[in-house]
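Trainee: Can we go through this one together? I'd like to talk about rings and helix packing.

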Number of protein chains: 2
Amino acid sequence: MQKIEINSGKEMDVLRKAAFVVTDQNLYGIYGALLPKDTFVVPAGEGSKTLYYVEKIASELLRRGVKRTDTIAAFGGGMVGDLVGFAASVYMRGVRWSFVPTSLLAMSDSSIGGKTAVNVGKIKNAVGSFWLPDTYIETKYLSTLPKSEYESGMGEIVKTSLLDGELYSLMHGEFNEVEAIKKCVSIKSEIVSRDMTDKGARKVLNMGHTVGHAIELLSGLSHGKCVLIGMRLEMLMLRDLIPHSFFYEAQSYLGRFIGNGAIDFCADDVAKIAQNDKKNGNGISIMYPCGIGDVKEAVLSGDEFTRLIKGAL
Amino acid sequence: MQKIEINSGKEMDVLRKAAFVVTDQNLYGIYGALLPKDTFVVPAGEGSKTLYYVEKIASELLRRGVKRTDTIAAFGGGMVGDLVGFAASVYMRGVRWSFVPTSLLAMSDSSIGGKTAVNVGKIKNAVGSFWLPDTYIETKYLSTLPKSEYESGMGEIVKTSLLDGELYSLMHGEFNEVEAIKKCVSIKSEIVSRDMTDKGARKVLNMGHTVGHAIELLSGLSHGKCVLIGMRLEMLMLRDLIPHSFFYEAQSYLGRFIGNGAIDFCADDVAKIAQNDKKNGNGISIMYPCGIGDVKEAVLSGDEFTRLIKGAL
């Protein structure tokens, strides 16, 4: 079971006690004075999520004499967490790690469940592991998060709300950041506990991701926003399989967060990326909601996918 | 439980069915015509056991569209196995792999138990994982193994024989390669099954490795030979803790395989490397035999280690 604390105020203690702390340049610029003096700083952005930086981190861990019984730590958003978590999972065949997430996306999603990864060439998360951190969420760090990144985090929260009636209700009142994060953490933890290595139950979390990931590559929009656009398009593709009343309710709900303007992408480009992305040989999987907490899977051939995305776009 | 077959004759079938096969240039020169046409060939030697080659392999896996449900394969000695096993453990967060070991060391030791790793700078196995292959041992491939590598494999077999009366007896008759490998496989499998992630029982396999690894770095002699020299020196260091009759018996037994000539290394150099190597903060661990199948641990401070190795050299 993953250890997760929310607003317990222990995060700086945890970082001080860690054998090694990593953050990125942006965060170091803001919080450098609070972090341990020998904090290791990587450039901000996806460019650091590579095996090259895993090697840099491992070299530095060796230079500092970090042992397999030590704990290392990440202070940052999803990129820093993915990189440090992966390095922790392989350094000396695995050391413990703690994660202090600073983005809304990392607090509500990526700091839970232990997925770590780096990119290979242009392919995101091509190499990675399952390696749980102890997670210390402190929502005060959201105060310095850029608006576009905050919106990205909202995307995963909105997606998660379709899995759970309580969170869905919560999202219809005045937005309570802390309560929403707490619910996301408990929903995701429960799903992950049934499927640590992503073989079954965890699939429901992929709602919006099949089309969303293609949109992300084509548009450069934020991950969370693309997940919502992806979910909207996936529901349009499969509308015949979704109860009418829920279809309209969900489309209008998603529209609140992404706007109701036209979504314009080349269907063939989306289809091509989805075809390349598919993680197994059995076709392109789409997870789609038929009601709150009621997620089903459609597995499409490349041709079916192309036909349906053309109809949706 | 790891799947291990010995001389079942299935290995080429396994390689043909794998989505991706890796070997090294030396082996490709000998067996290239038998291997699948699109076998991926890395340079022979430790220089390929790096994250750089993990990235090369991952890129190639992506280029060929290898999925997370596919199986990849290694044909080679310890280096190829360590590299491919590590790549398999992290590509798409883990794909299955098969290992056809071609060296005596890999057949009797490194193809069992799922330790994978690559080097970081000069530090061996600094980054790695535990990821079990299906192992297909075919002893016919030993016919092309260089003599020095054969001797290296003998080192690990001799070490293992101190853990088991039956293998120890076997080693006192005419050497039967296949029987010795079979015994090593069953002894190591049993130990690994009690301690997959190297937290306890597996420690007995480290006999000879604390001093042996330092000797390996200082001398450039083969791994297996250094393990035997290391075991001999470790027993000399701790002779007061070992029953006299067993001490003399084991020293003479080890001498049969490494010769009884003088062993001449700078004690301070050995101590320095052992100090750097220690995997946790509790001192330098030495596993030493007190009888066949009776292994104990001594944990020494840096000063104690230096004093004792000076006495032994």
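**Helix packing and rings**

Mentor: Helix 6 of chain B crosses helix 8 of chain B in a left-handed sense. Keep in mind that this is a predicted model.

Trainee: At what angle do helix 6 and helix 8 of chain B pack, and how far apart are their axes?

Mentor: The angle is about 55°, and the axes are 10 Å apart. Helix 6 covers residues 147-161 of chain B and helix 8 covers residues 177-193. The two helices of chain B are therefore oblique to each other.

Trainee: Which residues of helix 6 and helix 8 of chain B make the contact?

Mentor: Tyr150(B), Ile157(B) and Thr160(B) come from helix 6 of chain B. On the helix 8 side of chain B they are Glu177(B), Ala180(B), Cys184(B) and Ile187(B).

Trainee: What about helix 9 and helix 10 of chain B, where do their axes go?

Mentor: The axes of helix 9 (residues 209-219) and helix 10 (residues 223-237) of chain B come within 7 Å and cross at roughly 130°. That angle makes helix 9 of chain B oblique to helix 10 of chain B.

Trainee: Is the crossing of helix 9 and helix 10 of chain B left-handed or right-handed?

Mentor: The crossing of these two helices of chain B is right-handed. Residues of helix 9 of chain B in the contact include His209(B), Val211(B), Ile215(B) and Ser219(B). From helix 10 of chain B, the residues they meet include His223(B), Val227(B), Leu233(B) and Met237(B).

Trainee: Switching to rings. How many aromatic pairs does the structure hold?

Mentor: Over all chains there are 18 aromatic pairs. Take Phe20(B) and Phe40(B): the ring centres are 5.6 Å apart and the planes stand at 35°, so the pair is tilted. The pair links distant parts of the chain, with Phe20(B) in strand 2 (residues 20-24) of chain B and Phe40(B) in strand 3 (residues 40-42) of chain B, 20 residues apart.

Trainee: Are Phe20(B) and Phe40(B) buried or exposed?

Mentor: Phe20(B) and Phe40(B) are both buried. Another pair is Tyr168(B) with Tyr253(B), whose centres are 4.9 Å apart with planes at 70°, so this one is edge-to-face.

Trainee: Where do Tyr168(B) and Tyr253(B) sit in the chain?

Mentor: Tyr168(B) is in helix 7 (residues 165-170) of chain B and Tyr253(B) is in helix 11 (residues 244-258) of chain B, 85 residues apart. Tyr168(B) is buried at a relative accessible area of 9%, and Tyr253(B) is buried at 1%.

Trainee: Which residues do ring pairs link into a cluster in chain A?

Mentor: Tyr31(A), Phe75(A) and Tyr141(A).

Trainee: Where does Arg93(A) lie?

Mentor: Arg93(A) is over the face of Phe130(B), at 5.9 Å from the ring centre. Arg93(B) lies over the face of Phe130(A), also at 5.9 Å from the ring centre.

Trainee: Now lysines. Why does Lys159(A) count as buried?

Mentor: Its relative accessibility is 1%, and buried means under 20%. Lys159(A) lies in helix 6 (residues 147-161) of chain A. Leaving out residues up to four places away in sequence, Lys159(A) touches Leu205(A), Met207(A), His209(A), Val227(A), Leu228(A) and Met231(A).

Trainee: And Lys296(A), where does that lie?

Mentor: Lys296(A) is in strand 10 (residues 294-300) of chain A. With a relative accessible area of 38%, Lys296(A) is partly exposed. Not counting residues up to four places away in sequence, Lys296(A) touches Ile286(A), Met287(A), Tyr288(A) and Cys290(A).

Technical notes
Residues numbered from 1 in each chain as written. Chains lettered and ligands numbered in written order. Predicted model: local features only at pLDDT ≥ 70, side-chain atom pairs only at ≥ 80, totals over all residues. Heavy atoms only, no water. Phe/Tyr/Trp six-rings, centres within 6.5 Å; stacked < 30°, edge-to-face > 60°. Helix = DSSP H or I, 4+ residues; strand = E, 2+ residues; numbered from the N terminus. Buried < 20%, exposed > 50% of the residue type's maximum accessible area, 1.4 Å probe, protein only. Lys NZ or Arg CZ within 6 Å of the ring centre and 35° of its normal. Axes fitted to C-alpha atoms, helices over the stretch in contact; angles between N-to-C directions. Parallel < 35°, antiparallel > 145°, perpendicular 65-115°, else oblique. Left-handed = near helix turned anticlockwise from the far one by under 90°. Contact = heavy atoms within 4.5 Å.
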